[in-house]
Amino acid sequence: MKLHEFVVRRLLLLIPVLVGVTVLTFTISHLIPADAAAAQCGDKCGIVTGYTEDGDPISAYEANRERMGMNEPLTTQFRLYVTHLLHGDWGESSTYHRPVADVVKDAAPITLEMSFFALLIAYPLGITLGIISAVRQDRMFDHISRFFAIAFVSLPIFWFAMVLQLLFATQAPESGVGGICDPLFGTNGGCFPIYGRHDPSLTYPEDGFAFLYPAGGTGFHLIDSWFVTDGKLATLPAEFGSNWLLFKDTLLHLALPCACLGIASSGSLLRYMRASLLEVLHEDYVRTARAKGLSEFRVVIVHACRNALVPIVTILGFSIGGAIGGAVLTETIFAFNGMGRVAVKSIQYLDFPVIMGVTLITAAIFLLSNLVVDILYAIIDPRVRLE
Amino acid sequence: MRGWDEGEEDRKESLKRLLEALSQSRSDISRSWRIYRRSLLAVVGLLLVMSVVTISILASRIAVEHPYRNLQDTEDLWSIDYEPRRAHPFSEECDWHEQSISLTQQRRNEMVTVVAESDDKVGDDNRYYRDTLSVIELVHLEDNLGYDLDASLISIDPNNSSILVLSPELYDNMSLTTIWLTYEFDNDAMHVWWMPDGYERCIFGTNDQGQDMFSKVLYGSRVSLKIGITVAMLTVTIGTIVGSVSGYFGGRVDEVIMRICDVFFAIPGLILAMAFVTAMSAMTSLTMPIWLGVLIPMLFLFVTFRSYLNSTIAGDQLSDQVMGSLMRNRNLFLGLFVFFFFVSLWPDLFGTSDSRSWRIAAAMGVILLLGVITLADKRFIEKTSFDGVGERVSKSLDWTNPWRYLTLRTVAVFVAIVVLYRFSGSTGGEIVVIKDFDRLWQIQAALIFTGWPGYARLIRGQVLYVKEMTFVEAARSVGAPSGRIMFRHILPNAWAPLLVAFTLDIGGTILSASGLSFIGLGAAPGTAEWGLLVSESRRYFVNDPHLMLYPGLAIAVTTLGFNLLGDGIRDVVDPKNRR
C-alpha cells in the first residue's frame, strides 16, 4: 500500500467513528430525563411571553420547548441537528447565551495549550527516566523510578493538583524574594499562581485598566501575548518588558496545571520506554555495536534508543486523548475555562448543544491526532502500511 | 432409576478427578507465588491491598463514629458567628464537645441541670442515639450571638460528672435564650480500644461539621472497593464476551464492533461517564421488564441447546420440506406462545405476584418446559424414537454422583441465581434488578458503560492470536460448536492479560469514581466517599490541609496497591518467567 492510499483509507475510517460519536452523544444527552427547557427558565417558567394565533397564552416554558425543537420527534431532532452541524451551525448555548461554535472556539485553545505543555513535560521526563531505568535494570535507581512510575499513575490527579497548590502557591509575602508569579508590582507575594489563566491584577499603573489580549487572536495566550499592540504598553516602565511580561504571566499560570498533568502522565511513559528499550537492548545489532567497541553511551542513545522510540510514537495519540480527559479535573481545580470545564458546566446545567459540541470537538481532536501519529508511524516504520 | 450404591464407581472416579485438579491447581498456585514474591514491590502491593480490604471489613469496629451522622442539629441557624469546627489532627480540641443548651426549654421545664450528651449519632441499625459524656473541664461558654460568657456560670455536679448545673444568674437572665458550652470530656463509651488517650475523635481531625475524618476515610474504603471490584468484574465480563465474538468471527462483525469501540475511545471517558450519570440521575431503581428477564435465559438456553443438538443429531434433512421454514421455526413459535401465555396469566396464575421466589420458580418452569419442547421437537420432525432422550436426560441428571456437579459452570450458575435472588425485588410488572439505584450505582453503571471497549479490544487481540493455533483447528475439525471453541478452548488460553488488566482496572476505576465524585456528579453529598471528601475540603484546604490530605492519600494508596498487585501478576503470567 502506498502512503497516500494508507492516508486516504485512514481518513475514510474516521467518518463512521465521527458519525458514531454524534449518535452516541445525541442519544445520551436526550436520555437525560431532566427538562432542559424548564432548567433554562427556572422559576419564571409560568410567565406568559406571547400568544398563539388563537389567543391562547404561551408560557416561557412552552416557548423554550418550541425554540429548542423539543416538540419534534427524536429522529427529526437528530436530522435537524446534523443538518445544522453540516451547515456550520452548532446550536445556541443556554448557559453561555452564545453560539456553541464560539464557546468551543474560546475553550479549545486553552485546553490544547495546557495539554501541549503537559506533554512537553511528560515526554522528556518519562523518556529520560525510562532510559536510565532500563540501562540500570534491577538496580536501586530502577526500583525507585519504577515505584514512582506506578505511584504517579495511581495518583488521583485532582488531589495531586491540590497538593501542588498547597506546596507551591502558599503566600509568602515576608520572604522578600518578590514572587515570580507577581511580576508587575510585587505586592501579592507568593510563588506560582493558584488559579486562573492570567493575573487579573495585571493592570496599567496609571489608570488601572487591565491588559487585554487581542479579542480576535488565536486564543493561545502564549502567542497572543506577543501581539498585544496596545499603545499604552509602551508607556510601562522598562523593567516590565511589556509583551514579555504578559508572556511570562501566562507561562507561570500554566506552570502548575501542566506540571500536574505532565507528571501524572509521565509515569506510564516511563514504563513504556523502559520496556521498549529493554527489548531493543537484547537485539543483535546492539551487540554488534558493542562489539565494535563503541562507548556504552553511544550504543544506548544512538543505536538502541532510536529504535526503542518507534513504539513510543504510537502512544502519543493516546496521551493527547488522555491529557484532554485529565484536563477535565485539572481545569476545574485551576479555574481554566477550557473544554473540560465547559463540559462539566454544560452537563451540570443540562446545556445539550454544548455537551454535544464539546464531545464532538474533543473526539475530532483525538481522532486527528491519532491519524497524524499513525501516518508518522507509517513513515517511520513502513511495515505498518502492509497490513 | 439407579440406586445409590450403583453409582459407587462413578463417584470414586469423579472424586479422584476433582482431587487431581485440586492438587494441580495447588501446585500451580505455589509456583506462581514463588515467582510473585521475587518482586518486593509486588509483595508490598499485595500487603496494601490486603490491608485495605481488612480495613474495609473491620471499618465499623475501628471507626469512632458512624460516618453518616446527621449534624444538622448542631448548627444553629440563628447564630451569626457560628464558626464550624475543623479540628486539626491530634489537636487538643479532639475531645472537646460543643453542646447547645436551650435556656428557654430549661425554664419551661424548671430544670437547673443539663445532661452532657454527644450529638446525634446513627448506629449500625440506622437509629439515632446519644452518648452521655462525662465532663472533665468546662472550656468555653458563649451566647447564641457568639459573645463570650463566663464559663464559671455553669458548674459540674460533684457527684455525677455527666450533669451540668446552671448557676442562678444564668437561669434568671431572661435575655439569654440559647447558650453554647464547650467542654472537655472523657468517656469510655466514646473511647475506641486502639486509640491513644485524649484523642478520642480526631487523629485525622474533624471536618467543618465536626465529623470525624478518620471514620469517614475508613468507611470510604468500603465504597471505593465496592465500586472498583463490581465495575471491574462486569466490564471484564462484557468486554470478554464482545471481544471474543469480535475476534472469533472476524469479518463484518469484527469491523462493526471495533468501530463502536473506536467511538468510545474517541470521547474522553470522564466526560462520557459524566453525561451518562446525568442521564441516569432520575432513575431510582433499575428495573427490567419481565419479558426481558425471561427472554435472556431463554435465548441463552435456546442457543446452547441448538448447538448441542446440531452437534449430536444430524439435522440437515429438514430443508427439503415444503413447510421447511415454518417447521424449522416451530419451536420458536411454540416458545413465544408459551411465553406470552405465561406472561399474560402471570399474576392470575400465581396470585403471589409480589413474591420473587415464585417469579424465579415460574421462570425456571418456563425455561425447563421450553427445553423439553426444543428437545422433543427434533424428534417429532425427524420421526426418530424417544429412546435415547430419557437415557440422556437421566444420565445428565445423575443424582447418585454429586461430585459431578462440582464444576465451575454449575457453581457459576448457582452463584448467579443467588446473586439474582439477592439483588432482585419486584414491583408491578417488572423485575427489580437493583432496588435502590442510588448515586453509587449510577457511577458504577456509567463506568461499566464507558469501560468495556478497552477489554473488548484486549481480548480481541488475544483471541486473534490464539485462534490460529493448532488445537483450535483440531477442536473445529471434530465439530465443536463456535461457543464451545470460544469459551472452552480459546479463552482459557487468553486469560492471562485479562487478569492483569482486571487488577489494574480496579485501581483505575477507583480513580475515575473518585474523580466523578470530586466534580460533584458522583456520590451523594454526605457520603463517605474519598473523592467527595477531597471535593468538600476545597473551601478550607489551604488552612486545613488535613481535610484533603488523608482521603487523597487513601485513594492513592489503594490504587497503588492494586497497580502493584497487577504488575506482580503480570510477572507471574509472563511466559518468560515460567520455569
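The structure is a predicted model, in which local features need pLDDT of at least 70, side-chain atom pairs count only at pLDDT 80 or more, and totals for chains, interfaces and linings use all residues. Residues are numbered from 1 along each chain as its sequence is written, and chains are lettered from A and ligands numbered from 1 in the order in which they are written.

Chain A contains 14 helices and two strands; helices (H or I, at least four residues) and strands (E, at least two) are DSSP runs, numbered from the N terminus. Of its 387 residues, 37% are buried, a residue being buried if 20 or more other C-beta atoms, placed from the backbone, lie within 10 Å of its own.

Helix H6 of chain A (residues 140-154) comprises 15 residues and reaches 21 Å from its first C-alpha to its last, close to the expected 21 Å, the expected span being 1.5 Å times one less than the number of residues. Buried residues of H6(A) include A:Arg146, A:Ile150 and A:Phe152.

In chain B, strand E8 (residues 163-166) pairs antiparallel with strand E2 (residues 113-115) over three bridges, where pairing requires at least two DSSP bridges. B:Val114 stands opposite B:Leu164. Strand E7 (residues 154-156) of chain B is likewise joined to E8(B) by three bridges in the antiparallel sense, with B:Ile154 opposite B:Leu166. A hairpin of six residues connects E7(B) to E8(B).

How values were computed. Buried ≥ 20, exposed ≤ 12 C-beta atoms within 10 Å, placed from the backbone.
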